[in-house]
Amino acid sequence: SLGPEAWADRRFWKMEKMISELKGIRTAAIAGHVRPDGDCVGACMGLYLYLKENYPEIETDIYLEEPKESLLFLQGTQNIQTSYTEEKSYDVFFVLDTSVKNRMGVALKAFESAKKTICIDHHISNKGFADVNVIDPNASSASELLYTLLEKEKVTKPVAEALYTGIANDTGVFQYSCTSPKTMRIAAELMETGIAFSKIVDKSFYEKTYVQNQILGRCLMESIMVLDGQCIIGVIRRKDMDFYHVEPKDLDGIVQQLRVTKGVEVAMFLYEQKVQEFKVSLRSNGKVDVNEVASYFGGGGHVLAAGCTLQGSAYDVINNLLRGIEKQLVKSETE
């Protein structure tokens, strides 16, 4: 994570409003991180619709890996490009909810060839990789931060729907500690546009397919408790994913369900991306800074929610991560 001196660095310029970055712009691109979650898709679609509706003279493209089906109700998702093949050069490239450049996925080449790049993000681990970096770790989500950069009178119902989706997903429907009074005020303003907020929450956060419930049940049934019941671990191997015919996007929400187990301080969920390669999600209930744990292994995120990718067997990955988790738990008990 970064200290106060880093946040004062000129890499982290303030942007009063989005309009200040759009003067003379003819072409724009928008992208988020690999395996886009609700906030990533919500923020990217919110900005895409905002530009299309208010700045039709700007040719705007959006690049994302295919979102999970529960997010396809958002207007404009049919225009998402899942690959970069035209080798276009953009006047400005916006990347949202992405803490490091190499997590951009399909649009990395377009980002590197753009005349100007702008990163809008809320991850404390983001060290600033664009020309202009608007990063606020106090924001609940990239969608919340983006809203503060838009002119309110130009936020239409479709834009509000996308941003509300992003905020609701990254705050766990306003229950996580990242939710602030400001978050709630912004959510209220978005609701005033007439969005079907309860349907958005059901569709994008709670609704699961039958096989998603099956793989969740499998993970919970086979989970283990360690460190005197303070840490719970769930593992899904590639063979399990193949058996249930699920992809990584179908595993959203599993780590959160593990986290709410009584007595647990840290939840660890890992799934096998390739042979001997695991994607890890970490969630904390307060005693452990999981961003610190994940950052040690090249990942990052937030104090209470972070992730990383590690090589080795599931046992190797778990044991490596448990060292950092146990160290913090012991320290918290002695303070």
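This is a predicted model: local features need pLDDT of at least 70, side-chain atom pairs count only at pLDDT 80 or more; totals for chains, interfaces and linings use all residues.
Residues are numbered from 1 along each chain as its sequence is written, and side-chain values use heavy atoms, with hydrogens and water left out. Local features need pLDDT of at least 70 and side-chain atom pairs count only at pLDDT 80 or more, while totals for chains, interfaces and linings use all residues.

**Exercise 1.** State how many salt bridges there are, and describe the one between Lys-116 and Glu-21.

*Solution.* A salt bridge is a side-chain nitrogen of Lys or Arg within 4 Å of a carboxyl oxygen of Asp or Glu. By this rule there are twelve salt bridges. In the pair Lys-116 and Glu-21, the closest N and O atoms are 2.8 Å apart. Lys-116 belongs to strand β4 (residues 116–121), whereas Glu-21 sits in the loop between α1 (4–7) and β1 (27–31); the pair thus links distant parts of the chain, 95 residues apart. Here helices (H or I, at least four residues) and strands (E, at least two) are DSSP runs, numbered from the N terminus.

Next, consider accessibility. Buried means under 20% relative accessible area, exposed over 50%, and partly exposed in between (1.4 Å probe, protein chains only). Lys-116 is partly exposed at 30%, and Glu-21 is buried at 12%.

**Exercise 2.** Determine which parts of the chain are tied together by the salt bridge of Asp-252 and Lys-68.

*Solution.* The N to O distance in this salt bridge is 3.0 Å. Asp-252 lies in the loop between α9 (238–244) and α10 (254–259), and Lys-68 in the loop between β2 (59–63) and β3 (92–96), so the pair ties together parts 184 residues apart in sequence. Asp-252 is partly exposed, at 29%, and Lys-68 is buried, at 12%.

**Exercise 3.** Classify Asp-91 and Lys-115 as buried, partly exposed or exposed.

*Solution.* The two side chains meet in a salt bridge of 3.3 Å, N to O. Asp-91 lies in the loop between β2 and β3, and Lys-115 in the loop between α3 (108–113) and β4. With a relative accessibility of 15%, Asp-91 is buried; Lys-115, at 64%, is exposed.
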